[in-house]
Amino acid sequence: MTFRIGPRTSQIIAHIILLLMTIVTVIVLFFIIGYVFKNGFAQLSLEFLTDRTREMGKEGGILPSIIGTLFITVLAIIIATPLGVGSAVYLVEYTRGGLLRKIISFGADCLAGVPSIIFGLFGFIFFVIQLKLGWSILSGSLTLAVMIIPTIIRTSEEAIKAVPQSYREISYSLGGGKLDTILKVVLPTSLPGILTGVILGIGRAIGETAAVIFTAGSSLNMPTSVFSSTRTLAVHFYILAREGISMPKAYGTATVLIIIILFVNLVAYRLMHRFMAKYY
Amino acid sequence: MKDKIAEKLLLFIAFSAIGSLLLITFFIFQQGIPLIFKIGLGNFFSMHWSPTRGQFGILSMIIGSLMVTVGALIVGIPFGLACAIYLAEFSSKMVQKTLKPIIELLAGIPSVVYGFIGIVILVPFIRTHFGGPGFSVLASSIILGIMILPTIVSISYDSLIAVPNTYREGSYALGATKWQTVVKLLIPAARSGIVAGIILGMGRAIGETMAVIMIAGNALKIPHSILDSVRTLTSTIALELGYATGDHRAALFACGAFLFIIIITLNIIAIRITGRRE
């Protein structure tokens, strides 16, 4: 006599197991953030955010890293946005399928999957050594810009595709040229979607470690120009934790980092949601 | 006239991604490949990594990378698929609308944070309860498994949702339960998307660097058990690039080139799979 589980029973068992596994996944992910916050919030103070870093991070605050992160991220976005958005405009407005489109899309998809340590190697040999930019904010930003171009291309492409065709036709019928239509109709309409891509890029740049540690270096001095070496928040946190310099400061830095990234991603998500609700 | 110039300029810009990819390929290979020819494939794929003595064998690191990647998949696939199936088929719209963005939001948590959690929680836990140094294949697999979850959940969920509703209705009309429909119909129908998600997750696990450095222990030997320390290709690059010069630096770029080939191959497979579906 063999014992068989009936379809109803297996349905119930499957439902319970799937539910439990989902709960475990969500709890683990929440636990990670919760654990860092629980230990990190106590470290946060005005002094921590506005003081110079002293004794390799054992004492003082994280102001140089906040400024460094800000510089690198802003510069990376300034470089990557025109390239990413321009590529997306070309893909949607100027190509009609075909090989060219395939090549451009393939490049973006492949670049998106390249791990950050490869970007680190590339940025180190190309920007730092060959172009003689040294360990600097500029080298770091250029490397990060290359890294976030695919994110901006993909999101902008979706946003530009979502602009109703009738908008373009109206512009043409009023005598608008192709460029006028793109600049005055397509881009303004798809702006929230494009911004989403840019903001996601910002989030990725802020959290990056492997690609910036070998291009921007790890100097704790206050950056004075784009040629200064700097230590971003993520790199500072990595060094504090790995070298065991100061666990409390590591928790504090991680908390600041996570809050910034969650905030940035949340803004991107809300923006995308509003945009999608309007055009899809 | 203005339109023509704009089109040319945009075409030039549109090549930024593929151009960067080619530039990256060129520089990584130009720096790394000559060394492989200089020392020979036998040396490069040997067990001995001792840069000061001119030995650049990366075999133990390849095995290390492979072990933590397989471990990550063992952890990540069941939980990732379970989540995707639950969200797509078993949960209410409310739950879907809340959990999906939360899981995607978590994809943005930097890898150093995962590594840090590994150091402060997982490594001590493994050390006390299972023995060994704690910095191990096991710790790396679990943390990497968690890190690739959002990728697997997100892509599998999207491909399950994309299966036309008529499939489900037909199956229910025949008296099948939800679970039977999932196993017999939806998973096979969404197979290509699910596989693509897993491949992309795999690429992420092989390429991950900072989290692995923090928890793998990085000893240069082949681990005999999952509680042993392990060193991956990526950790070797990141640990040694800061001070390496000459042949040693070239060897790190050769590691990078090897890694790059694997990742690009995985990417191409994933792109082809999803491309065929569209």
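User: How many residues of domain 1 of chain A are in contact with domain 2 of chain A?

Analyst: This is a predicted model, in which local features need pLDDT of at least 70, side-chain atom pairs count only at pLDDT 80 or more, and totals for chains, interfaces and linings use all residues. Residues are numbered from 1 along each chain as its sequence is written, and chains are lettered from A and ligands numbered from 1 in the order in which they are written. Chain A is divided into domain 1 (7-43) and domain 2 (46-279), with bounds from an automatic or database domain assignment. Counting a contact when C-beta atoms, placed from the backbone, lie within 7 Å, domain 2 of chain A gives 8 residues and domain 1 of chain A gives 7.

User: How many Å separate the centres of domain 1 and domain 2 of chain A?

Analyst: The centres are taken over C-alpha atoms. For domain 1 of chain A and domain 2 of chain A, the separation is 30 Å.

User: Which element gives the most to the side of chain A that touches chain B?

Analyst: In this interface, 70 residues of chain A are in contact with 64 residues of chain B. Elements that give two or more residues on the chain A side include helix H1 (7-40), helix H3 (63-94) and helix H11 (247-279); helices (H or I, at least four residues) and strands (E, at least two) are DSSP runs, numbered from the N terminus. With 18 residues, the element that gives the most is H1(A).

User: What percentage of the residues in chain B are buried?

Analyst: Chain B comes to 13 helices and 2 strands, and its C-alpha atoms fill a box of roughly 70 × 70 × 30 Å along the principal axes. A residue is buried if 20 or more other C-beta atoms, placed from the backbone, lie within 10 Å of its own, exposed if 12 or fewer, and partly exposed in between. Of the 278 residues in chain B, the buried share is 51%.

Notes. Contact = placed C-beta atoms within 7 Å.
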